[in-house]
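Here is a short tour to read alongside the model. Please keep the view open as you go.

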Amino acid sequence: MTSFLKRAKYMGLVLFAVLLTCGSLQAKEAALMAEDPVVEKRLIHISEELRCLVCQNESLASSRAELANDLREEVRKLIRQDKSDSQIKEYLVTRYGDFVLYRPEVKPLTWVLWFGPFLLLLAGVVGMVFYLRQRQSGSSGKQVLTEEDRRKVQELLKSGDAP
Amino acid sequence: MIVEIGHFALILAACVALVQGVLPLAGTAFDHQRWQALARPSAAVQFLLIAFSFGVLAHGALTDDFSIKYIAEHSNSLLPAQYKFASVWGGHEGSLLLWMLMLSGWTVSVALFSRTLPLAMVARVIGILGLVSTGFLMFILTTSSPFERLLPAAPDGRDLNPLLQDPGLVIHPPMLYMGYVGFSVAFAFSVAALMSGRMDAAWARWSRPWTVVAWIFMTAGIALGSWWAYYELGWGGWWFWDPVENASLMPWLFGTALIHALMVTDKRGGFKAWSVLLAIGAFSLSLLGTFLVRSGVLTSVHAFASDPKRGVFILIFLALVVGISLTLFAWRAPKATLGGKIGLVSRESMLLVNSVLLVVATGAVLLGTVYPLIVDALNLGKLSVGAPYFNAVFVPLMVPVVFLMVPGGISHWRESRLKELGQDMLVPAIAAVLAGLAVWTLTERGSWLTAMGTALAVWVVVGLVMQIVARLQKPGRIAPSFWGMHLAHLGIAVVVVGITMVKGYEVERDVRMGLNDTVSIENYSFELTGVSQVDGPNYKAIRAEFKVSKDGQFLELMKPEKRKYFSSAMPMTEAAIDTGLFRDLYLSLGEAIEGSTPQWSVRVFYKPFVSWIWYGAILMVLGGLFAVSDRRYRNSAASVA
Amino acid sequence: MKKFLIPLAMFFGLVIFLAVGLNRDPHEIPSPLVGKSAPAFSLHTLDPNAPLFGPQDMKGKVWMLNVWATWCMACREEHPVLVAFSKANQLPIVGLSYKEIQAQDEPAGRKLSPEEKLQMARERSALWLKRHGNPYVLSALDLDGRVGIDYGVYGVPETYLIDKEGVIRYKRVGVVTPELLQSTILPLVQKLNAS
């Protein structure tokens, strides 16, 4: 081999070695905790409407408690089985009761809850309309001073009896 | 020894409060001037006694006196001094003492700043406050004394919840309590008006500054609580519709309605009965909040340890105070004269709509909060009502409230012409619609929600800028209350922007990271460069170090931690937050993950405009301060019979 | 004027609900499983030589299922009560060891195999029961918590009473106290035994 070729081979080897090391030193983009983003998206959507049972007042989506992790894994499994949102919620309600629903269902038991504010608003608006109507014919509209009133005011001011 | 004296001071204070409650009121009933004159001095004495008592407890905390049961339960010798002081109100008994300190403080302030008020009025107001004080002091003395001894004394305290070892703890409860208790003043004024049978506009004018100050504190307290939860709890949430949070929101909503209704009562003598009702309601909601938090009726992350016996006492107290007030209302309010005519389109009618909407919103929050209780009480099962309900119901109710800020400011008293209004509002309307459309179409995740939030905020801001410009062109000094109104409304617009942006455009990445792994959001990248063990004064922690780069350039290091406090089994997450004007970067360190190489679960958040939520609150507080500084309110009584 | 009485009336209603609510425990969440068949399962038990166990093995008997773990602090509080109760031989008590092996039990850098987990769980549980007393006729091992989910477990310890047909008749979340045994559990056991 000529010395040039030898050097080239040597350089090539060095280059190869450098590239190899660079490759392994290169910082990796971190892997998502979730394995499947599509499943994960559904999971987040569903679990935001479920309650973390051990956390007092957190959704299943945001809690990092152990039971929450387990339940989220369970929901993932059900999602992969192509269960619908309502089926998944039903699954959990059968085991944990209505309490696990963060968003209460709209059923006769919760009609007052869901429609109450609207009814209250209606009552408020109706009451307000009645009240405003009444106040239309309150004391007279524009207060116009008659000549007589004007004279009286002048007198009062002059006499220094102003309140 | 001093502890027993502190306890005795409380007993004395209860007696003084009783005197303060009964005699001045009797004095007004029987026209006995001497008794009426007892109001101010007894208020002063009560304040001094309670301040002394509070001082004793604080002293016990600061000197590690673990022979006091309360201090042993809520403090620890390892705590830094400020947290020892804060432990005074960290638990149920101590927080009640703080409540009393503030109640007596507000009362004595009324005594001091009421020189221009007729004695009879002062006597009634202070008398009513005295009765409320008596109730609270009896509650403390019979069920919740902070001065119980622990003998033999504990060798050391059982630390505070580590979550509470934070500067936020030192400020948030006192601010909130100042607000809760502050509404008692408007309450006392309105009940005094009912008692005297003279429901004229005078009580409204006197109450306004007191109500605004209470509102300012309430706003600050709620905002601080939200901010504290955001940076302390470690997962970036800032409002959870937790029952205790709702307990503070409800009086705030009523307080806001009250501030606006009082304007009408003051200026035009209208809404007299309504304002009285709102004033009673605001304080009733404060008392209700106290009940909800301390009785164990509802579950909440930050309720105090529950005790049904205490619950019974508070409930009876609540029933008496509110029941008697509302009975008085039903009896006397119908006699109130109506004010002048109110046009269908006028500032008054807008303020009325504001009142109705805020009251309905409060009703919705109350309904959602107690519904689980009602269902359970009727033996219909157990269900839970969470954030999805409140968001669905509350937000639509608040949209028109915010919308009304513009026409409310522009419209005239008594009557406004719809056409004129329409013309004035055209520019803000166009700006709002354009902004909304722009956000919807031009941003990647724009939706009708982000469009509406943006449009609403732009509507308010353009509207108030136009009003300011128009006013500046007119001659005459501009009253501070004018600036106050617009600052406060600007604050709301800023909060709306914050909430809309963060809810609409927040990005979260839930990743597993090993050393030198990176995760990117927008134009930021986060590289995990190290994980180490750290020893704190009363905890051990795992600290991760992240190299943060923006557009490829090194920006800073962020170091989230997971702490294990010696006193608690639960690990605490100390998130690393980079607060910016237009975005927050939020890093939360999770658990280590088993695997061939060490990895950790990390949650990375990009939260646009989230700080605007709290900047907006600051603006609201400033607005309130401007409004209160307006001398027209404070020199009021002289001009009113 | 009647309308001025509305606020008082509404307030009065609220107070009544709050008063009733004071007697309720908001933490106590009733189980929807009461009245339903105990969900089937097939788990290893502490005894390596015994066959897999499932609720069908207890058909014809009234029995108690107690969910526990060695890491559970509250279980330690309840355990002596159960041990004493088991000596009265009123009914068989079956233990369900829930997630005995936790994340921190795994050595750094390596995931345990199911067999290793099973062995570790058996050893630790057996040792614990030897030290604190064994009220159980057998203890099934729910290592990954899946059976717990089927039974709606969210806070250990939890206890179920199951009748002769395999239907869950009672669930208790939290420690079993002597008072609870006397007032609720024993009477129910007697009733179920009679039917």
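## Conventions

Two strands are said to pair if DSSP finds at least two bridges between them. Helices (H or I, at least four residues) and strands (E, at least two) are DSSP runs, numbered from the N terminus.

This is a predicted model, in which local features need pLDDT of at least 70 and side-chain atom pairs count only at pLDDT 80 or more, while totals for chains, interfaces and linings use all residues. Residues are numbered from 1 along each chain as its sequence is written, and chains are lettered from A and ligands numbered from 1 in the order in which they are written.

Let us begin with the strands. Strand β9 (residues 583–593) of chain B runs antiparallel to strand β10 (residues 599–608) of chain B, and 9 bridges join the pair. Here B:Arg583 faces B:Pro608 of β10(B).

Both strands belong to an open sheet of 5 strands, ordered β1(A)-β1(B)-β10(B)-β9(B)-β8(B), with antiparallel pairing. The edges are β1 of chain A and β8 (576–579) of chain B; each has a single partner strand, so one side of each is left without a neighbour in the sheet. Between the chains, strand β1 (residues 31–32) of chain A pairs with β1(B) in the antiparallel sense over 2 bridges. Look there for A:Leu32, whose bridge partner in β1(B) is B:Val511.

## Where chain A is touched

Residues are in contact if their C-beta atoms, placed from the backbone, lie within 7 Å. On that basis, 37 residues of chain A meet 47 residues of chain B. On the chain B side, at least two residues each come from α13 (347–377), α14 (387–403), β1 (507–513) and β2 (518–521). The biggest contribution is that of α13(B), with 12 residues. By type, this side of chain B has 26 nonpolar, 14 polar and 7 charged residues. Ala, Val, Leu, Ile, Met, Phe, Trp, Tyr, Cys and Pro count as nonpolar, Asp, Glu, Lys and Arg as charged, and the others, Gly among them, as polar.

Chain C touches chain A too, through 11 residues of chain C and 12 residues of chain A. The chain C side comprises 6 nonpolar, 4 polar and 1 charged.

## Helices of chain B

The expected span of a helix is 1.5 Å times one less than its number of residues. Helix α3 (residues 39–62) of chain B has 24 residues and should span 34 Å, which agrees with the 34 Å between its end C-alpha atoms. Just after α3(B), B:Asp64 has a positive phi of about 55 degrees.

Helix α7 (residues 119–143) of chain B, with 25 residues, reaches 35 Å from first C-alpha to last, close to the expected 36 Å. In helix α9 (residues 202–232) of chain B sits B:Pro209, which counts as partly exposed because it has 19 C-beta neighbours inside 10 Å.

## Chain C

Chain C holds 5 helices and 5 strands, in the sequence pattern α-β-α-β-α-β-α-β-β-α. Of its 195 residues, 36% are buried. Its C-alpha atoms fill a box of roughly 80 × 50 × 30 Å along the principal axes.

Definitions and conventions: Two residues are in contact if their C-beta atoms, placed from the backbone, lie within 7 Å. A residue is buried if 20 or more other C-beta atoms lie within 10 Å of its own, exposed if 12 or fewer, and partly exposed in between; C-beta atoms are placed from the backbone.
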